[in-house]
Amino acid sequence: MLSCRRPSGRPFAARFFPLLPVLLLLLLLLLATAAGSVSGGSGVLYTPVDGVTPLDFRQLRAAVYDPGRQRHWLLQVYHASCGHCIAYSGAFKKLASELWPWRYTLRIGVIDVAKQRNARAMRHFGLSGVPSLLYVAPNCSWASGFSAALPRDTSELPERLLDLMEPFVPQLRPLQPGETADCDFILEEPRPGVLSRGLILEALHVRSLRWRASVDSAPAVRLSRVAADGSSAPAGSASDAASLRRLIGLKQPTRPTPTGDTAPSSPKAPRPPTRADLKSALIRALVSDVALAGPGRPRVWRAARDVARLAAPLLPAAGRLAAAMPESLPAALAGE
C-alpha cells in the first residue's frame, strides 16, 4: 500500500519562511501588473480566423500527442507582449494562410506563454526564447516534446516541413527514373519539388498524385495523366499552383483571411522608451521570465538579483525584492 511520508531534511517552515518576503513582493508585482498599473499589456496575436489553433498547455497533450493521430503539427511558442513575437506575427499569419491547403495533414498551433497557465510550455520544450517554432511528427511522444526545431524564416519553412513529413507520407517520395506508379497524375519538377509536393499534400483526400525530379532547370511543372494500363500522356504544364489545380481538377482552396496586417512593416524610427515601458519590462523580467527559467539555473537567479538591485531607483519594490532575495535559490529550496 502506498503511504505518504514527509520529505526528509529541514522542516517545511524552516525552508519556507526565509522566502516569504520574496514571495510577497513578487505577489505585489503580479497584482500591479494585473491591475494595469503599467502599460504594454499583452493582447491577442492569433485567432482561429488566422488559420491557426490557439492551444493552452493543459490541452496540448490531448490535442497534439493523441497516440492514434495521423496529423503533423507546426507549433509556435510565443509571448503576446514580446516585441519580436508581435513583429513576427504578420509573416506567420501569411505562412498559415499559404499552408492552409495542407490542413488535412498538417495543423498549425500557437501557445501564448504570456498566460500564466501556459508558462510551463517553456520548461516542457526546453526553450530559452520566443518566438520558437517546433515540428511534432505523428510518432513524437509527450515526453519527447518535439521532433525538430525550425528556423523562423518563413520562406524556408514549407520546404523544411515537406522534408520532415516525407518519411510519414510515402507519396512525397520522388519516383525514380523509369519507376511507374498507380496514380492519377505525375508531376515533374526540379528538386526540391516544393510546388509538386505541396499539391500532393493538398490532394491526398481526393486525388492520387506522385512526382518525379526533372533533370532540366525549367521552372514550369510538367503534368502527365496516367492511364489504367500504366502508360502516361502529357497533360500540360504550369508554374503556379492555381493553374496546376485547374489542370488536375482540384478546387481552389478557400484560405482564411488573417487578422491585422501581414505585410512587412516599413522601418520606423523607434520612439524613446518611457518610464512606464521600463517598469513594464522590469516587472515582466522579474515576475515572468525568471520564473520560466526555473530554480535549476543559478546563473539566472544571480542575474535576476543584480537586475533587481539596478532597478531599485526606478521601481522601489525591486529594491525591496533584491534585499529579500537569498544568495542562492537552489540552496534556499534544498530538497524541493
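How many bridges join S6 to S8, and do the two strands run parallel or antiparallel?

Guide: Four bridges join S6 to S8, and the two strands run antiparallel. Before going on, note that this is a predicted model, in which local features need pLDDT of at least 70 and side-chain atom pairs count only at pLDDT 80 or more, while totals for chains, interfaces and linings use all residues. Residues are numbered from 1 along each chain as its sequence is written, and side-chain values use heavy atoms, with hydrogens and water left out.

Some terms come next. Helices (H or I, at least four residues) and strands (E, at least two) are DSSP runs, numbered from the N terminus. Two strands pair if DSSP finds at least two bridges between them. In general, strands of a sheet pair through backbone hydrogen bonds, either parallel or antiparallel.

Now the whole sheet. It is open and has four strands, in the order S7-S6-S8-S9, with mixed pairing. At the edges are strand S7 (209-213) and strand S9 (232-238), each of which pairs on one side only. From one strand to the next, the twist averages 25°. Angles here run from 0 to 180 degrees between N-to-C directions, and axes are lines fitted to C-alpha atoms, for helices over the stretch in contact.

On one side of strand S6 (residues 185-189) is S7: five bridges join these two strands, which run parallel. Among the residues involved, phenylalanine 185 has leucine 209 in S7 as its bridge partner.

Two helices pack on this sheet. Helix H7 (residues 194-203) touches S6, S7 and strand S8 (221-226), where contact means heavy atoms within 4.5 Å. The direction of H7 makes about 170° with that of S7. Helix H8 (residues 241-248) touches S6, S7, S8 and S9, and its direction makes about 150° with that of S9.

That leaves the pairing of S8 with S9. Six bridges join them, and the strands run antiparallel. Arginine 225 stands opposite alanine 233 in S9. S8 and S9 form a hairpin with five residues between the strands, and in this hairpin glycine 230 takes a positive phi near 95°.
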